[in-house]
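Have the model open as you read.

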Amino acid sequence: MDVLFGRTNPAARLPVTIPNEENEVGFTEEQYPGVGAGPRASYSEDLLVGYKWYAAKGVEPKACFGHGLSYTTFAYSNLTTSIAETSRRAAATAVSVEVTVTNSGALDGEEVAQLYLAFPDGSGEPPLQLRAFAKPKIRAGESAVVAFELGGDALSIWDEDAHAFYEVSGTFGVAVGPSSC
């Protein structure tokens, strides 16, 4: 009841992307499990599923993955990143990302800050991938610094031929916000 009457701020988020129209992504009959001959499913869409498809195609969905409603407002600022090389034996690179989240509304609340990475061109990866999230409680009018620590696994992709992960090198994009859009 507290959420309905505005005494508590809701902080839930959509776990899916809501399309603008039925089959906007163009799934074929073969891509639906259980359709066709035998118990087979075709995953010809590769990694372009959900919000990743929308990011790759530049299409704005009806509701973004991670979208949520609130009785207060939040603003993001001061995004910083730092990289610490670790020894080859210790595995890969560590990346720290910090962002300031300010509750600019009149009600205390929780915000789900979502960190997305854009892999370097030529990596074969979708242009946007959720890599971390945090849910700080922030009083009305106050700010919180949200810190994310990413290990080398967050910068890695699967090599089908080698059957192993490898760390990608190059320039990554970093975005932090309330949803994938």
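## Salt bridges and two residues

Arginine 13 and glutamate 111 form a salt bridge, with their closest N and O atoms 2.5 Å apart (a side-chain nitrogen of Lys or Arg within 4 Å of a carboxyl oxygen of Asp or Glu). Arginine 13 lies in the segment before H1 and glutamate 111 in the loop between strand E3 (109–110) and E4, so this pair ties together parts 98 residues apart in sequence. Glutamate 111 is buried at 5% relative accessibility (buried is under 20% relative accessible area, exposed over 50%, partly exposed in between, using a 1.4 Å probe and protein chains only).

This is a predicted model, where local features need pLDDT of at least 70 and side-chain atom pairs count only at pLDDT 80 or more, while totals for chains, interfaces and linings use all residues. Residues are numbered from 1 along each chain as its sequence is written, and side-chain values use heavy atoms, leaving out hydrogens and water.

The whole structure holds 3 salt bridges:

| Pair | N to O distance |
|---|---|
| Arginine 13 – glutamate 111 | 2.5 Å |
| Arginine 139 – aspartate 108 | 3.2 Å |
| Lysine 135 – glutamate 110 | 4.0 Å |

Aspartate 108 is partly exposed at 38% relative accessibility, and lysine 135 is partly exposed at 45%.

Is glutamine 114 buried or exposed? Glutamine 114 is buried, with a relative accessible area of 3%. A polar atom of its side chain lies 2.7 Å from the backbone oxygen of proline 178. Leucine 4, by contrast, is exposed at 65%.

Terms used
A polar contact is a pair of N or O atoms within 3.5 Å; within protein, one must be able to donate a hydrogen and the other to accept it, and residues adjacent in sequence count only if both atoms are side-chain atoms. Helices (H or I, at least four residues) and strands (E, at least two) are DSSP runs, numbered from the N terminus.
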